[in-house]
Amino acid sequence: MFPRTRLASRLSRYHNQSLSKSEPVASGRLIRVIGLTLEAVGIRAQLGQQCKIFLDRDHTVTAEVVGFSDQKIYLMPIKNIEGLKPGAKVLPLDENNGIAIGADIIGRVIDGLGDPLDGKQTWLAENRLSLTPHTINPMKRALIQDTMDVGIRAINALLTVGRGQRIGLFAGSGVGKSVLLGMITKYTNADIVIVGLIGERGREVKEFIEQNLGEEGRKKAVVVASPADDPPLMRLRASQLTTRLAEHYRDQKKHVLLLMDSLTRYAQAQREIGLATGEPPTTKGYPPSVFSKLPQLVERAGNSETGEGSITAIYTVLTEGDDLQDPIADSARAILDGHIVLSRQLAEEGVYPAIDIEASISRLMTHLVDKEQQSKANKFKQLLSVYRQNKDLISMGAYSAGSDGLIDEAVAARKQLINFIRQDIDVAVDYSTAESELKKLPFKHV
């Protein structure tokens with residue numbers, strides 16, 4: 001018989017070893033696949049937790065829990081799946097879902113899982129970045145007081161953007177949206193640019209990176225791409241990763257420009273997930289979760305608590321058929337700090353960037369610029385509006401010069417106004433230059 005002290009010591013060691021072991025994880029099985037939704041039983045998992053589905057001994061698929069009903073767990077694959085079989089083993093994962101991040105990630109193109117898409121070697125990982133949203137008490141956010149130079153004359157002078165502001169870029173197809181985003185990326189004075197290409201055509205991803213962004217733009221940018229053929233969950237993860245990367249650099253006291261193309265594709269991905277899990281469709285087929293997810297994503301941008309770091313965000317919103325009353329466009333206007341509308345008519349006239357100054361607004365411009373610049377910008381909009389309202393009369397020759405002084409001024413200034421908006425793709429116009437050029441315009445009665 002062992003002495004009491006030795007026996008107690010051995011029992012204590014075995015007890016500690018038993019406590020150090022993790023609780024066994026029960027595996028389940030796949031019982032149903034309907035469209036995008038996978039149903040499993042026999043597992044205990046929480047919303048957002050990842051699970052591994054075993055296709056055979058050497059192949060697995062990663063899925064995420066998106067809902068449950070009684071003992072059934074609803075999952076959705078993160079990547080495209082092939083070869084699923086009834087009864088496939090499902091195992092919940094308890095690993096860190098963050099991504100490896102390091103200084104070398106700048107200039108790279110990655111997917112929604114943080115894996116490289118540009119064919120280069122993986123960067124040196126300095127730490128892992130959790131995808132958990134970083135929330136800031138709204139009463140502790142620093143006020144927006146400084147301007148953000150985006151390198152575009154019309155935006156800098158007439159729709160001035162502040163550091164920490166959230167702007168919507170509303171555009172239909174083929175009006176120069178991607179080109180404008182590429183120009184902003186190259187010419188902005190932000191410390192770093194995070195670009196999210198969400199739900200775009202695969203061909204456009206490479207075109208944007210090589211033609212619109214270029215080598216100059218990539219030097220201070222990280223591109224997160226999830227093309228249209230990715231599952232909806234991957235598109236959602238890419239949107240969340242784009243925002244989380246921006247938060248990471250904001251926390252490092254950097255001024256970040258976040259470009260997400262597009263907010264509409266993010267909403268459509270959430271619509272696919274919501275409908276697949278049984279949510280009732282509401283406005284134009286969008287379930288209620290879409291309209292709660294949009295502000296949750298957008299509100300993460302803005303200034304930090306100290307004001308030493310900021311996220312200035314530009315979200316593109318697709319207006320199919322140039323319909324600005326689309327439910328996503330309408331909802332985005334309500335939660336953003338301004339909107340820039342691209343005009344198909346201006347694009348057809350060869351005016352690029354085709355910014356519709358009349359339909360666009362920056363809600364913070366009055367707090368950022370002096371009275372002279374604000375007055376000049378208002379006069380600029382007024383003359384454009386007057387010309388548009390009387391365009392038919394003027395083009396048909398039905399208007400007689402001298403009948404109305406304001407119309408005469410609008411006709412005389414039309415060419416100057418359009419030339420002010422027009423800007424070559426390889427030309428940058430900084431904020432001070434744009435402000436000076438606006439103040440030099442010879443407007444009457446300003």
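Ser 304 touches Ile 136, Lys 140, Arg 141, Ala 142, Arg 250 and Gly 309, leaving aside residues up to four places away in sequence; contact means heavy atoms within 4.5 Å. Ser 304 sits in the loop between strand 14 (302–303) and strand 15 (310–318). Ser 304 is buried, at 9% relative accessible area. Buried means under 20% relative accessible area, exposed over 50%, and partly exposed in between (1.4 Å probe, protein chains only).

This is a predicted model: local features need pLDDT of at least 70, side-chain atom pairs count only at pLDDT 80 or more, and totals for chains, interfaces and linings use all residues. Residues are numbered from 1 along each chain as its sequence is written, and side-chain values use heavy atoms, with hydrogens and water left out. Helices (H or I, at least four residues) and strands (E, at least two) are DSSP runs, numbered from the N terminus.

Helix 13 (residues 405–421) bends by about 50 degrees at Ala 413. The bend is the angle between axes fitted to the seven residues ending there and the seven starting there. Ala 413 is buried, as are Arg 414 and Leu 417 of helix 13, among others. The buried residues of helix 13 pack against helices including helix 2 (153–158) and helix 11 (371–389).

| Residue | Phi | Relative accessible area |
|---|---|---|
| Asp 70 | near 55 degrees | 74%, exposed |
| Lys 253 | about 65 degrees | 53%, exposed |

Asp 70 lies between strand 4 (60–69) and strand 5 (72–77). A cis peptide bond joins Asp 261 and Ser 262, with omega about 15 degrees. The Tyr 352 to Pro 353 bond is cis too, with omega near -5 degrees.
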